[in-house]
Amino acid sequence: LLVPDLAADMEGVLRAHRGLRPGEASDFAVDTAEERISIWDTISRVLFTALPALVTISLVVGSIVIMNIMLVSVMERTREIGVRKALGARRRDILLQVLVEATTLSIVGAVGGVALGAGIVTLVAAVTPLPSAIRPLWVFVGVVLGLLVGISAGVYPALKASAMNPVDALRYE
């Protein structure tokens, strides 16, 4: 027997046991694990369809935010960059400094996001019967994505900072 057939047989037995006539509504419900699994499958399908788009949007927005933060940082430190270049700092040194700052900013954000996600997973596991786990592969992917976002968001501000003319940078107010 298949589960749906067994559920229908069980419903017939319960109706007979309770004395319900054929036209009367049942005063009970027969619930199978297959119904619950199909609900979970639907939720999973929706999540796995929507999440990549949400992640992409989040990465683009995060990248824009980091780029703007780094552009403001470069603008505020124009005189410092001018002094460093006047004292012999190479273009590569300035470029590397700004890229390292942008990457550090994004990795801190990625680690914070992983920590927040781990907290949510722990909360879900404690409060609901839903299965929840943290896979190390996805933690690694999250941190690597943070690294890539930091590097890509820091390229433009780093190029802008490294291309500054030391004389103009020292005159900047």
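Helix H2 gives the most to the lining of the largest pocket, with 12 residues. The structure is a predicted model; local features need pLDDT of at least 70, side-chain atom pairs count only at pLDDT 80 or more, and totals for chains, interfaces and linings use all residues. Residues are numbered from 1 along each chain as its sequence is written, and side-chain values use heavy atoms, without hydrogens or water.

H2, H4 and helix H5 (136-162) each supply at least two residues of this lining. Helices are DSSP runs (H or I, at least four residues) numbered from the N terminus. The largest pocket holds about 1600 Å³ of space. A pocket is an open set of points on a 1 Å grid over the protein atoms alone, where a 1.4 Å probe fits, with protein on both sides within 12 Å along at least five of seven lines; lining residues have an atom within 4 Å of a point. The volume is the space filled by probe spheres set on the points. Of the 36 lining residues, Leu-51, Val-55, Gly-113, Gly-117 and Trp-138 are the closest to the centre. By class, the lining has 24 nonpolar, 11 polar and 1 charged residues. Ala, Val, Leu, Ile, Met, Phe, Trp, Tyr, Cys and Pro count as nonpolar, Asp, Glu, Lys and Arg as charged, and the others, Gly among them, as polar.

The axes of H2 (residues 33-76) and H4 (residues 91-127) come within 10 Å and cross at roughly 140°. Axes are lines fitted to C-alpha atoms over the stretch in contact, with angles from 0 to 180 degrees between N-to-C directions. H2 is therefore oblique to H4; angles under 35 degrees count as roughly parallel, over 145 as roughly antiparallel, 65 to 115 as roughly perpendicular and the rest as oblique. Ile-66, Ile-69, Met-70, Ser-73 and Val-74 of H2 meet Val-98, Glu-101, Ala-102, Leu-105 and Ser-106 of H4 in the contact (heavy atoms within 4.5 Å).
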